[in-house]
Amino acid sequence: MKLKVTAVLLALSVAMPAYAQTVPEGYPAEYVEIVKAGEAEGALSVYSNTDVNEVGDLIAAFNKLYPNIKVDYLDTATATMYSRFVSEVGSGTPSADVVWASNIDVVARLAYDGWALEYNSPEIPNIPGWANWQNKIFSTTAEPIVFAYNTRLVPAEDVPTSHAALTKLLNEKTDTYKGKVTAYDPELSLMGNMLIGQDLQIDAEGTKALVSAMGKADVKVYNSTGTMMEKLLSGEHTIAHNIFSSYLAQRQKSDPTIGIAIPTDYTIVTARGAMISNKAPHPNAGKLFVDFLLSKEGQSQLRARSMYPVRTDMQGDAESRLSGTESLAEGVLKPIQINDALVQPLDPDTRVKFLQDWQAWLA
């Protein structure tokens with residue numbers, strides 16, 4: 001199986017002479033040693049599947065704090081990022097200092113396989129318990145997974161408000177929505193694979209029924225959020241299943257054609273997970289970057305691109321959450337937990353069996 005991949009290796013900053021920064025407010029005094037060591041290392045390599053255009057301001061803000069650290073940011077597809085990192089560290093080749101990805105299951109797989117550095121970040125008290133796995137993986141955002149629709153083409157009475165409602169709509173109005181529904185292709189998209197896996201954990205029978213209804217409506221599947229969103233905006237498709245709210249909310253700021261429907265039965269909340277490699281060539285620079293991602297400034301930079309903060313002291317701010325989630329009943333929002341059930345679907349045998357089941361449910 002091959003994935004179409006576009007990789008961009010971008011040096012987002014040029015090292016400049018500067019004095020070591022002071023310790024951030026609230027950090028222990030000895031943190032100055034990490035700052036000095038990170039600036040002495042002078043470089044940072046980040047592997048990510050988050051588009052470089054979405055994080056340019058964040059990298060610039062990091063470099064304003066640490067101008068001596070040259071940042072190389074590799075923006076690539078998830079599967080390529082994973083295989084490249086594993087190949088490099090396995091052969092002793094210098095690789096990423098930090099892996100930061102929206103596929104938190106892939107980051108978890110790397111940590112499970114023993115490639116994560118344990119780090120007691122000073123920011124740990126400011127994030128919820130589910131956002132920290134053994135001081136090795138840190139969830140840096142809290143992004144609901146939602147349904148999207150074309151506001152010009154989907155009448156109000158058809159907007160799905162739950163997974164069961166979407167199943168009912170596609171079963172009762174199959175002809176109307178024939179070929180008009182889009183979703184991730186779990187065979188080509190590891191994100192799609194992860195999200196369907198979460199659906200099955202939460203409601204196995206309901207998920208099978210929904211996939212079957214999507215198959216009945218001749219669902220069209222793709223391997224990227226961007227493709228689904230553009231086809232939704234063009235009207236080629238009118239409803240999208242399991243899509244990142246952050247990208248939708250950012251696009252919605254300039255185009256009201258995008259509609260967001262938050263499932264009221266359950267809403268998966270995923271995160272961009274960050275891990276410092278225990279083979280990092282620049283481990284202190286990696287620590288500085290992870291701390292910056294979790295800091296108020298870093299979280300504010302992410303929030304500006306509708307990647308909602310994970311910090312507990314920012315969640316009360318209306319701009320720090322997806323509009324509409326504040327009215328959901330308690331327990332509806334379900335953050336992805338890092339555990340065996342998250343990484344198991346990446347096992348080759350498990351994945352083959354799931355893809356066979358997926359095709360059967362569609363049929």
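This is a predicted model: local features need pLDDT of at least 70, side-chain atom pairs count only at pLDDT 80 or more; totals for chains, interfaces and linings use all residues.
Local features need pLDDT of at least 70 and side-chain atom pairs count only at pLDDT 80 or more, while totals for chains, interfaces and linings use all residues. Residues are numbered from 1 along each chain as its sequence is written, and side-chain values use heavy atoms, with hydrogens and water left out.

Let's start with helix 2 (residues 52-65) and helix 10 (residues 283-294), whose axes come within 11 Å and cross at roughly 120 degrees. Helices here are DSSP runs of H or I with at least four residues, and strands are E runs of at least two, numbered from the N terminus. Axes are lines fitted to C-alpha atoms, for helices over the stretch in contact, with angles from 0 to 180 degrees between N-to-C directions. On the helix 2 side, the contact (heavy atoms within 4.5 Å) is made by Leu58, Ile59, Ala61, Phe62 and Leu65; helix 10 brings Ala285, Leu288, Phe289, Phe292 and Leu293.

A cavity is a set of points on a 1 Å grid over the protein atoms alone where a 1.4 Å probe fits but cannot get out, and its lining residues have an atom within 4 Å of a point. The count comes to two cavities of 30 Å³ or more.

The largest cavity holds about 50 Å³, a volume being the space filled by probe spheres set on the points. Helix 6 (190-202) gives the largest share of its lining, three residues, and strand 8 (181-184) and strand 10 (239-244) each supply at least two. Helix 6 turns up again at the second largest cavity, with the largest share of that lining, four residues.

Notes: On a 1 Å grid over the protein atoms alone, a cavity is a set of points where a 1.4 Å probe fits but cannot get out, and a pocket is an open set with protein on both sides within 12 Å along at least five of seven lines; lining residues have an atom within 4 Å of a point.
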